[in-house]
Amino acid sequence: NPIFISNYIKTCYKKCNCLLSISKRLGKMKNLKNIKTTALSPLYQRYQKSVFEIMPFMTTPMIIDKILKKKMVKLLEDKLEVTDKAEQDVFLSKLIIPKKKNYFIKEQDDLLRIALKIQKNKRIDINRDIEKHLELYAWTSTNVYLGKIQTKQSVKKKLFEILRKNPNKIHIKNKQDKKQALEAYNKAFLLVKNYKEVEELINLAREFLFLQTHKMEVLFLAHYFMYPFFEEICKRLKIKLGELIYLTGDEISNLLENNYKLDRKLIKERIDNVSIIKEHNKMMIFSGDDIKKVIKRTIKATSVKGSVACRGKVVGKAKLLYEVEDMAKINKGDIIVSPMTRPHFVPVMKKAAGIVTDFGGILCHAALISREFGIPCIVGTKDATKIFNDGDLIELDAFEGIVKK
């Protein structure tokens, strides 16, 4: 129902803006240290409530993605007689390109802009450019409470990397990729523009594709705004900022309201290993000896099938990407194999030859980034991370939707 999806998108933007507004206001509060510990709890709960209100938008997109695709595939079959699955995926990957740039892509563009200035004039003063860059993107290196905020030094390091690779060359390639994507879109759009229902769904899907990443970025940005507030909570609880993530919202509120003493053993156990299980609408958290180690399921297959997110065919070494720590092992020309990609993976996704994911559909994060940078990509393979290992030489055929050793 296009009206439902349109309202869903508007509501998500509204909730995201509300979260940013509340987190900004709380993060900029003056004299936080003079507020009583018990008085911090309702303020924290106001923020938490705003977080909860965007949580439904984190989970429903995977369902809407499938429904949207099903509907569009049906229209392609009925109106254009496109019946081959791989052909349908390729057709949709040409049409569903993001309408707007997300924060992480804007950041990459801004770094390239500064690097081009340096390449043109090595003596140019870029201090103001770096300061402005940090004002907008200092938070992008953080993942919720984890990770360090960017500094002038870290930005200079990124600029050095771009300069080493030749900014002008990167700029020309980016322009070519965008031109090719736009040409492919225009060509495919000519075939559907006479069918209003198809056109309407394509436009919604393009907006939805941007929203997929935007809502995650908003969550990270809100945490960044809240840093001063969280730091004050940590002082009262006598813990580090990186440890706060291992407490639930209810636990934080109870500790603040009742001045309870924190069980430090509990945090240590959760840092080592934690499991969250929901059963009959009851959420249970296990840590320490309560967790039984799970043996990884192995599969003997040597290939997987999925949906084409961005066309192309490449051969490269598989590199499994689960967490931020895995980013260091990815080199230029490698093929990223991940359960699902996330916004903070963008820097290494840019240099990958290809991307393969277990989950996701035509509107997932991997689809957005791969189309933005013209990287061959296959999503929704279910078992890629269980079949391929680091260093396996694999072929990614993002025409047929097949990845094989």
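Colleague: At what angle do the axes of helix α6 (residues 127-137) and helix α7 (residues 152-165) cross?

Modeller: Axes are lines fitted to C-alpha atoms over the stretch in contact, with angles from 0 to 180 degrees between N-to-C directions; helices are DSSP runs of H or I with at least four residues, numbered from the N terminus. In this predicted model, the axes of α6 and α7 cross at roughly 110 degrees and come within 10 Å. Therefore α6 is roughly perpendicular to α7 (65 to 115 degrees). Local features here need pLDDT of at least 70, side-chain atom pairs 80 or more, while totals for chains, interfaces and linings use all residues. Residues are numbered from 1 along each chain, and side-chain values use heavy atoms, without hydrogens and water.

Colleague: Which residues of α6 and α7 meet?

Modeller: Contact means heavy atoms within 4.5 Å. From α6, Asn127, Ile130, Glu131, His133 and Leu134 meet Lys152, Val155, Lys156 and Leu159 of α7. This contact comprises four nonpolar, two polar and three charged residues (charged: Asp, Glu, Lys, Arg; nonpolar: Ala, Val, Leu, Ile, Met, Phe, Trp, Tyr, Cys, Pro; polar: the others).

Colleague: How much space lies in the second largest pocket?

Modeller: A pocket is an open set of points on a 1 Å grid where a 1.4 Å probe fits, with protein on both sides within 12 Å along at least five of seven lines; its volume is the space filled by probe spheres set on the points. The second largest pocket holds about 860 Å³. It is lined by 35 residues, the closest to its centre being Met62, Met340, Phe359, Gly360 and Gly361 (lining: an atom within 4 Å of a point).

Colleague: Which helix gives the most to that lining?

Modeller: That is α3, with six residues. The lining divides into 14 nonpolar, 11 polar and 10 charged residues.

Key
Helices (H or I, at least four residues) and strands (E, at least two) are DSSP runs, numbered from the N terminus. Angles under 35 degrees count as roughly parallel, over 145 as roughly antiparallel, 65 to 115 as roughly perpendicular and the rest as oblique.
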